[in-house]
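Hi there,

Here is the structure I promised to pass on to you. Have a look at it first, and then read my notes below.

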Amino acid sequence: MKFRSRLAALGCALLLAFQGVVPAAASVRIKDIAGLQGVRDNQLVGYGLVIGLAGTGDSIRNSPFTGQAMQSMLDRLGVNVRNQALRTRNVAAVIVTADLPPFAGRGSRIDVSVASMGDATSLLGGTLVVTQLLGTDGQTYALAQGRLNVSGFDVRGEAERVSSGVATAARIPGGAMVERQLPDPLSNLHVLSLELRNPDFATAERAAAVINAFARQRYNSTVAYALDHRTISLTRPVSVSTSRFIADIERLELEPDSPARVVVDERTGTVVIGRDVKISTVAVTHGNLTVRVTEAPQVSQPEPFSNGETVVVPRTQVEATQGNGRLAIINGANLHTLVRGLNQIGLKPAGIIAILQAIKTAGALQADLVVQ
C-alpha cells in the first residue's frame, strides 16, 4: 500500500509538471528570514606586526611606519634601538580585522583576518605579534596573536615570477581571545523587534499573523504587530524568559512573499526569473546577423631581371550570414510557461537577455528588470 501511495503521488507530481503548474513556494523558518534588532556582530580593527618572514617583509625605506612600530615594540620589551638604522626584511606591518559576535564572553575565541599595508611580497610563514583589537568606541575588546594561514604564494626570480592567490592576506582561525564582553541587549528588554532581511509588507503581515496564532494558543495573548515592511514589534509575555520566547518564535514557519523581479548579468549571461514574474501576450522573433571579415594578403613579385619591386597586395573577403528568426508567442501566465516559451525560440543566454530587455521596453514584462 505504501508503494502504491508513493507511486500515485509521483504520478500526480509529473502530471502537474507537464501541465505547466508551478509548485507552491516552500515554507521557511522565521529565524532564516529575520533577525532580532540590536543583536548583531561588531567590527574590530587593530594594527600589528608580522614577524618570521623569509625576506619577504616590508622595506623600512618604503614603509617608515613599519620601522616606527618595531621601535615602539622593542622599547616596551626593554630594547633601545632609537639611534640605530633598522634594515630587516623579516617584518611586515598589517591591519588585523575581526567580527565580534553578540553574547561573546571573556575567554572565547574568534577568527581574525590579516592584510599587509606595506610593500611586503608575502606573509607566508609569518607569526602575528600580540595585537589589540579595538571597537568603534576605542576600547580594546580582544587580543590577536598566532601563526598565519596564507592560501596563496608568490615566488620571484631574476627572470620569472610564479604566483597563486593572494600572498599578502591571511587568516588565523581562533586567533583572537575576547577580553571585554559586550553589554547584553536582551537583559532588560520587554518589547522586542524582528527585522526582515528582505523587507516586504506582505511577508511582515504574514509573520505577525503566524506569531499571533502561536501566541494565542501558547500564551493566550497577541504579541506581534507589523510596524512597517521591515520591522515586527514583539511584546514578551511576563511569564516566559526572553531567550525562550525568541526560540519559540524562530521555529515558526511561513511562506515569504517577494516582488516580481528579473535579474540579468550581462557579463556572465546569467538570468534569474522570480516565481511571480508574468509577461503579457507578445509575439517575439530573434535573428542574429553575423559578419565575418577575412584578411588574406598576397605577395606580388616582379618578373625576373625587371626593375619591379615586391609588394603585398591586400585581399579582403567579407561574408554576411543572418540566422533564421522564428516568430513565437509568449504568454507568461506563470514561471513554467514563461521559461517554456523562451526555450521554444531556442536562444542562448545573450538572446534571452536581449528579448527580456525589449519586452520590458514594450511594457509587457510585469516585473522589475535589474541589469547588473
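**The barrel and its surroundings**

Strand 3 and strand 6 are antiparallel partners, paired over three bridges. Within that pairing, Ile-51 stands opposite Thr-127 in strand 6. Please keep in mind as you read on that this is a predicted model.

That pair belongs to a closed barrel of six strands in the order 3-4-5-10-7-6, with antiparallel pairing. From one strand to the next, the twist averages 30°. Helix 3 (residues 64–76) packs on this sheet and touches strand 3 (42–51), strand 4 (92–100) and strand 6 (127–134). The direction of helix 3 makes about 85° with that of strand 3.

Gly-46 has Val-96 in strand 4 as its bridge partner. Strand 5 and strand 10 (residues 169–178) run antiparallel as well, joined by six bridges, and there Val-114 is partnered with Ala-170 in strand 10.

Ser-116 sits in strand 5 (residues 109–116). The side chain of Ser-116 reaches the backbone nitrogen of Gly-118 at 3.4 Å. Leaving aside residues up to four places away in sequence, Ser-116 touches Asp-58, Ala-93, Val-94, Leu-123 and Thr-168.

Gly-146 is found in strand 7 (residues 140–147). Is Gly-146 buried or exposed? Gly-146 counts as buried, because its relative accessibility is 17% and the cut-off for buried is under 20%. The C-alpha atoms of Gly-146 and Leu-128 are separated by 5.3 Å, although these residues are 18 apart along the chain. Again not counting residues up to four places away in sequence, Gly-146 touches Thr-127, Leu-128 and Ile-172.

Strand 15 (residues 261–265) and strand 24 run parallel and are joined by four bridges; Val-262 has Leu-369 in strand 24 as its bridge partner.

**Salt bridges**

How many salt bridges does a search of the whole structure find? The search finds six, and here are some of them.

- Arg-206 and Asp-257 meet through their side chains, at 4.0 Å from N to O. Arg-206 lies in helix 4 (residues 201–218) and Asp-257 in the loop between strand 14 (253–254) and strand 15, so this pair ties together parts that are 51 residues apart in sequence. Arg-206 is partly exposed at 35% relative accessible area, and Asp-257 is partly exposed at 26%.
- Asp-32 pairs with Arg-29, with the closest N and O atoms 3.1 Å apart. Asp-32 is partly exposed at 42% relative accessibility, as is Arg-29 at 36%.
- Asp-248 pairs with Arg-244, with the closest N and O atoms 3.4 Å apart. They are four residues apart in helix 5 (residues 242–250), so about one helical turn separates them. Asp-248 is buried at 3% relative accessibility, whereas Arg-244 is partly exposed at 46%. Through shared partners, salt bridges join Arg-218, Arg-244, Asp-248 and Arg-251 into one network.

Best wishes

Terms used. Residues are numbered from 1 along each chain as its sequence is written. This is a predicted model: local features need pLDDT of at least 70, side-chain atom pairs count only at pLDDT 80 or more; totals for chains, interfaces and linings use all residues. Side-chain values use heavy atoms; hydrogens and water are left out. Helices (H or I, at least four residues) and strands (E, at least two) are DSSP runs, numbered from the N terminus. A polar contact is a pair of N or O atoms within 3.5 Å; within protein, one must be able to donate a hydrogen and the other to accept it, and residues adjacent in sequence count only if both atoms are side-chain atoms. Contact means heavy atoms within 4.5 Å. Two strands pair if DSSP finds at least two bridges between them. Axes are lines fitted to C-alpha atoms, for helices over the stretch in contact, and angles run from 0 to 180 degrees between N-to-C directions. Buried means under 20% relative accessible area, exposed over 50%, partly exposed in between (1.4 Å probe, protein chains only).
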